[in-house]
Amino acid sequence: MRPGWTELHSSRNDERTDRRATFRQAPRLAIVVVVYNGSPELLIVMGSGATLEQTEHVVARLEEAGAQARVSTGREATVIGAIGERERLAALPIEGYPGVDQVLPILKPYKLVSRELSPDPTVITVSGRKIGDGYFGLVAGPCTVEYREQTLETARAVAAAGATMLRGGAFKPRTSPYTFQGLGLEALDILREAREETGLPIVTELMDPRHVEEVVEAADAIQIGARNMQNFLLLSEVGRADKPVLLKRGPSASVEELLMAAEYVAKEGNDRIILCERGIKTFETSTRYTLDLGSVAVLKEETHLPVIVDPSHAAGRRQLVLPLARAAAAVGADGIIVEVHPRPEEALCDGPQQLPAAEFTQFADEVRSVAELMGRQIG
Ligand code: PEP
Ligand code: MN
């Protein structure tokens, strides 16, 4: 977490005092993003010699105009993002404030997740494991929590092979209403047990706003599945949660739509978002989905958030998972999420694409070597 970011990342009035207190302790080179009730509008770039007091002065004037603040730390410059009512902002003589170098409009429709606002890549820590900016996340586990031993066996195998997080669906979005829909709440207890035994943080999907409390409580990171990428109610719910969010791209969603979905989460105050490319629908039928690795390169340009790749759902067949995973690491993804099962031929869901647990060590070693070539370490 960038120093000073979370503390100032709030749209709630009662936290304003705390935010200011934290800001005073923040390092001199800080990116300050000010959040009003409206949408972010301006970037205020402070000069290289600007003092903390000058930055504070700008923040104070913005707050007087109804602003609320959000801060991140930049390596190169001090930037203040002013967000809110256009008319009240326009009335402020911001360019004349001491220390201010430039005032620029934020042009992209996504604001909080954009690189414009936060040029440095974000590192997200999920219960001690890092993803982003040099840290590669190796997320692995069963498609679905089927029963206790199946999940524990998989968890042990992926932990031994160096995975950084355990995946496993408790609530499953199935195309057919007649197939296994997941164990539900019972699965959350199995995942807890797997975490306890292996130490791996768990990521599991939240499908229904009625399960927010249970899933947020159990998971170390909350997955929003591809089918729910534009479930705006669900996005707002996890935006208010105090857990990182793994947001998967919808099979028919554009990169911009994915970023706007992330913006829904960030707008509610949760900026710990990991994006995931998992394949899109095209005319091609030789793979389950078409893995859009170009989107990873675009996302790395457009957003400071970490981007991971799911080669399992994109491929649909286990033979393709390793080459796609290697390609993901090579294109600059911040991690992968893969499905692993002790006996894939018995799996209740997505058997053909799950890697046998016994083969996961070899798989992890091969992906790790590409990630290391790209200058990343396992997070
Ligand atoms: C999953 O990862 O369990 C899953 C269902 O994937 P997606 O939402 O990408 O289809
Ligand atoms: Mn699956």
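Ala, Val, Leu, Ile, Met, Phe, Trp, Tyr, Cys and Pro count as nonpolar, Asp, Glu, Lys and Arg as charged, and the others, Gly among them, as polar. With that in hand, the shell around ligand 1 has two nonpolar, three polar and six charged residues. This is a predicted model, in which local features need pLDDT of at least 70, side-chain atom pairs count only at pLDDT 80 or more, and totals for chains, interfaces and linings use all residues. Residues are numbered from 1 along each chain as its sequence is written, chains are lettered from A and ligands numbered from 1 in the order in which they are written, and side-chain values use heavy atoms, with hydrogens and water left out.

**The chain as a whole**

- You will find 13 helices and 17 strands in the chain (DSSP runs, with H or I of at least four residues for helices and E of at least two for strands, numbered from the N terminus).
- Of the chain's 379 residues, 58% count as buried (under 20% relative accessible area, using a 1.4 Å probe and protein chains only).

**Around ligand 1**

- The residues around ligand 1 (a heavy atom within 4 Å) include Arg167, Glu205, Gln223 and His313.
- Taken alone, ligand 1 exposes 290 Å², and the protein buries 97% of that (areas come from the Shrake-Rupley method with a 1.4 Å probe).

**The manganese ion**

- Cys143 (SG), His313 (NE2), Glu339 (OE) and Asp350 (OD) coordinate the manganese ion (ligand 2) at 2.0 to 2.5 Å.
- Donors here are N, O and S atoms within 2.8 Å of the metal (3.2 Å for Na, K and Ca), and water is not among the atoms, so sites may look incomplete.
- Along the sequence, the donor residues of the manganese ion follow the spacing C-x169-H-x25-E-x10-D.
- One pair links distant parts of the chain: His313 sits in helix α11 (residues 311-315) and Glu339 in strand β15 (residues 335-341), 26 residues apart.

**A look at Glu339**

- Glu339 counts as buried because its relative accessibility is 1%.
- The side chain of Glu339 makes polar contacts with the side chains of His313 (3.0 Å) and Gln353 (2.8 Å).
- A polar contact is a pair of N or O atoms within 3.5 Å; within protein, one must be able to donate a hydrogen and the other to accept it, and residues adjacent in sequence count only if both atoms are side-chain atoms.

Conventions. Buried < 20%, exposed > 50% of the residue type's maximum accessible area, 1.4 Å probe, protein only.
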